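Here are my notes on the model you sent over. Have a look at the structure first, then read on.

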Amino acid sequence: MTGENKKGSEQSRREFLRTTTALAGAAMVGLPAHEAAAGKKHPKRGGTIRFGMRDDSVGLDTHRNFIYYVSQPMAGLTGGLLDFNEKMEPVAAVAKEWDASADLKTWTFKLKSGVEYHNGETIDAESVKWNIERILDPKIGHSFNRSALTDVERVTVDDKLTVRFHLREPNAAFDTNVIYYPVNLIAPGSADKADTHPVSCGPFKFKSWKRFDTCELVRFENFYETDSEGNSLPYLDGMIGKPKKEDRVRLTALRTNEVDLIDNMAYADAPNFEKEHGKSFNTWKVSQLGTAFIAFNLKNGPFSAKDNPDAHMLRMAAAHAIDHEGIHEVVFNKQGHIAKGFYGEASPWHGKDITPWPAFDPDKAKALRKKAKGGDAKLLIIANDSFPYMQQSGELAHAMLKDAGFDVTFEIHPTPVVQDKYNKGTFDIDSSANSYRIDPDGWFSRSILSTAPETIRRHGYKNEQVDKLILAAKVEKDKAKRRQMYADVDTLVNKDLPLIYTYFIPGLQAGTKRIQGYKPAFTGPFNYAGGGLRTAWIE
Amino acid sequence: MTELPASKLAVFADLPALPGRRKRLVAGVSRAWYELRKSRTAFIGFWMLVVLFSACIATPWIATHDPIKQSYRERLAPPSEKHFLGTDRMGRDIYSRLLWGGRRLVTIALLAVTFGLSLGIPYGVLSGYFGGKVDTVAMRVVDGLLAFPGLLLYLLIVTLAREWKLEGIYNDLILVFALGFAFTPEVARLSRGTTLAEKQKEYVEASRAIGDGSFSIALKQILPNIISPLIVNATVRLGYVILIIAALSFLGLGTPPPTPDWGSDLSAARDYMETAPLIAAFPGIAICYTVLAFNLFGDGLRDILDPRLAER
Amino acid sequence: MLAYFIRRVFYLVPVLLVLTMVVFTFVEMLPGNIIDTLVGTEGVNDPEVRKILEKEYGLDQPVYVRYVKWLGRAVQFDFGKSLVTRRPVAVELLQGIPATMYLAIVGISLSMLIAVPLGTIAAVKRNTPIDYAAQVTSLIGISIPEFWFAILCVLFFALYLGWLPSSGFVSPFVDFWGSLKFLILPAAAIGFRQAAYTTRLTRSSMLDEMNKEYVDTARSLGLAERKVIFKYTLRNAMIPTITISGLQLANLLGGTVVLETIFAWPGIGRAIYEAIIQRDYPLIQAGVLVLGVIVVSMNLLVDMTYRLLNPRVKFA
């Protein structure tokens, strides 16, 4: 990223900050923008928000565990070198400015001075280095956290406030990998208590955690971010995360005022709720929690070119059998949008001219299946049990493939079994999804590129042209050009069909009218620069 | 009167195997029928079960749709002439799903309980009959399994069976083995206890004196006499197994769709409990009905078969 | 008597050994392991890192070695750390078991509040419509799928009537009265179910007692029927009811996983269930062992009480 670019993003962040705090609250209640800008509602300090969430962290060490930035209260605790803004673009956080060398192999981050961890330790370059090394330790760092740093060869410290990342391969978008999600910073002095009392540098600090019950966070008084008037953020005194797994109970808890805010409303309830309770509650649409897809096993079996010369034809037959509108209707209750590529319209990475997957055409599907070798093979569809939409998409895909004459069975399994099936290749079709990636490289280099370990392990897709594009995009500095390259990759994916994109997973959050100035980013997180719970207050 | 198979009633009537069997059998059947009518709960349960089993047997003829055929354009339809109970979230006919699901569920429950009995009874009877060290070791194993509190044994076994499932073995069969196996220790302990009591009785001593072999005594003489408490236990167990399957569905360990399954259907209908409550109501009521029928009947049977209570 | 008790306690050792072996075997047979869980749905499952982690968690050793090592530590009450939360297993158990105990004890008490009057009425009005109604009502309790009943309760009492909170947990040591309102719904859901067994038992033991000589004697002495029933009969009839409730209580410790999930109750059932799904071996093993100990001790306690109260049963 060039200095100019970076300045631009910094500026847009400032601008954004100036207006959001006033805007966000007003926009929710439908006031015209200028009225909000005129400052009709002024943020108030204080108040604690009770947030009913579907999930909970499994453990407290934010390096060792995957702290999902949606639906896990602990995400309010985490902070890092960079933040993202409402559009999911990287902006300054602990680092004030950053720059890449001409060969894109060395990235230098200059830290703000006087920024602290929750325990008062100063965040300096040495501590950043220590954090990166801790995450990279395979015995400690969670595989997802580590995967953001796979390119890092070593980290050096220039001076107290300057830290340098030396990469193995050039990377034009490395900065997106040191955003607090997932590369968060913890205080080195707190490492031995990381499993019981985590100390990070996000907007809220840890107070207590009771598994399956409560996660209590309180305001971090020395958080680095301020609003346009220089008031320190967040406005809230704290947040209490209440994991309530059962959708119906979570919604009831909101309606009976036991919590102020909930996430992941059941798709069946969403349209009705907005209609019937829109007057007493605010709702916020999340347009792309992630991207759902149906992946084929190209490593072995009837969909693999290794075992079946007609593998591609068979995948085409399956693709023609999939009715995306049906999934739209049944799984998501007509919420959100059908996916033709990895990025939806709200994303800055949305590709406009992607050629979509084969259209729904049951007759063609049947004909192709009959013609292709292996069309009568017994097929197994699997889905992970953690997410209802994966199961329901799988269930629907099962029905649709059955309609086209495929001999399919469907199974739902917990994560360890699904992982085991990936490792052994004992599945044919996988109803899965991937959470939103801030930079496209995070999806394409990890899950489409033929040399990536996950590609090899899960579906085994290989296309030289695709590989070339992904590798070229990784070192392309021009954002528009990169976007086009990834769109081209998606076009090829839609043609080769290692997987069929199905859906941008939507979400709906709802809260009481007392909550002002709150809005999740379009991918769902509540902790981001210039918005979310950082700028929320309670009337 | 004809609905109850005579072979079962012979068992209910607590008859030792003696000459003049047929005559005793007829007498037994009429005695059982008399007792059944006397116990109001058993009588209600009995007729509820008659309706249930008739529906299960008649399913292929009275179901109107393919239970797994989805047509999502017609999803969440209210009850109508075409779909008696409406359609579910995938547009499948709820009425047909209930019938096929019930047939499947009742079969699984029956097979699982039978499997548990057929493992547990020989285990318990032989252990009790031989006594001594064999009994001690055998019962420690049973006690170890019974020390699993509540659902945990079921959770472990079903998780294991479901995830470890061998290719080619039908999923439902796995459920039968898992649920049956989890029932085994209870059966073993119950049959061992009654065997110990029976062992002391005169007729066993008599058989021994005649020179019958141990196995022959254990199987021929003791077995028929300990079976009535087991029948009661098994009947109530049938209902329990159905509830366990429902609970496992809620926990995500149930039968994967689209197989018609009351538990999974009820669990999946949770999302629609406010917007389309009927979808959840039908499988829920079906489960209640069936379990209640087994419980009423089993409860009544206990009255009939427990002579102490029957005297009143 | 004391000798019998001691013998019974020794007898528990092999029982618990069997229990731990069964758990170890079952868990070992589950496909995938903790490392697959830790990777989650988004992470990279790298074979080399896997090896490092398997070594770190001691999974590279054969199962019997792990079992013996675990057993050696377990007898010293060292259950190790949860592989998922990384906190000592004892901490997880100490959070979960009291919460579930609290729920189970109040649930069982509620079930007795329902069952004893219902069973008594059924016995006194034996073979009348009241008797049948009482029996059917109690049986309906165990015939409803638990999770459906629980959610219906939430919708009715929390949402529709607004009387009670939908879910959540407050420790009674922090705020006793405050904790009660969170407790009522899940405890009532338990009570309604368990009442089926206890009603039945109360009814039959009441019938037993009412046929005994002392009742006739009391009647012939001119004591009021009400007094006979409540003062003498019911008191004696309660003995089996209470003992059975003890057994139910122990059994509930692993049986409330569904209710804990729905009511967001941080109990041990849910913790062990999640541990099975996540392959958190130390937590599964310790959890099942500790609950197993509670179950067998409770059984022993009930057995001893029963023998003490019924001198006819020999201490064989």
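1. Of the 316 residues in chain C, 49% come out as buried (20 or more other C-beta atoms within 10 Å of the residue's own, with C-beta atoms placed from the backbone). Keep in mind that this is a predicted model, where local features need pLDDT of at least 70, side-chain atom pairs count only at pLDDT 80 or more, and totals for chains, interfaces and linings use all residues. Residues are numbered from 1 along each chain as its sequence is written, and chains are lettered from A in the order in which they are written.

2. Chain C has 13 helices and 0 strands (DSSP runs: H or I of at least four residues for helices, E of at least two for strands, numbered from the N terminus). Its C-alpha trace spans about 85 × 60 × 35 Å along the principal axes.

3. Now for α6(C), residues 129-141: its buried residues are A134(C), Q135(C), S138(C), L139(C) and G141(C). Down the helix axis they fall within an arc of 145 degrees, so they line one face of α6(C) (the arc is taken over directions from the axis to the C-beta atoms).

4. What do the buried residues of α6(C) pack against? The partners are α3 (40-62) and α11 (277-305) of chain B, plus α5 (89-124) and α8 (176-210) of chain C; contact here is C-beta atoms, placed from the backbone, within 7 Å.

Note on methods. A residue is buried if 20 or more other C-beta atoms lie within 10 Å of its own, exposed if 12 or fewer, and partly exposed in between; C-beta atoms are placed from the backbone. Two residues are in contact if their C-beta atoms, placed from the backbone, lie within 7 Å.
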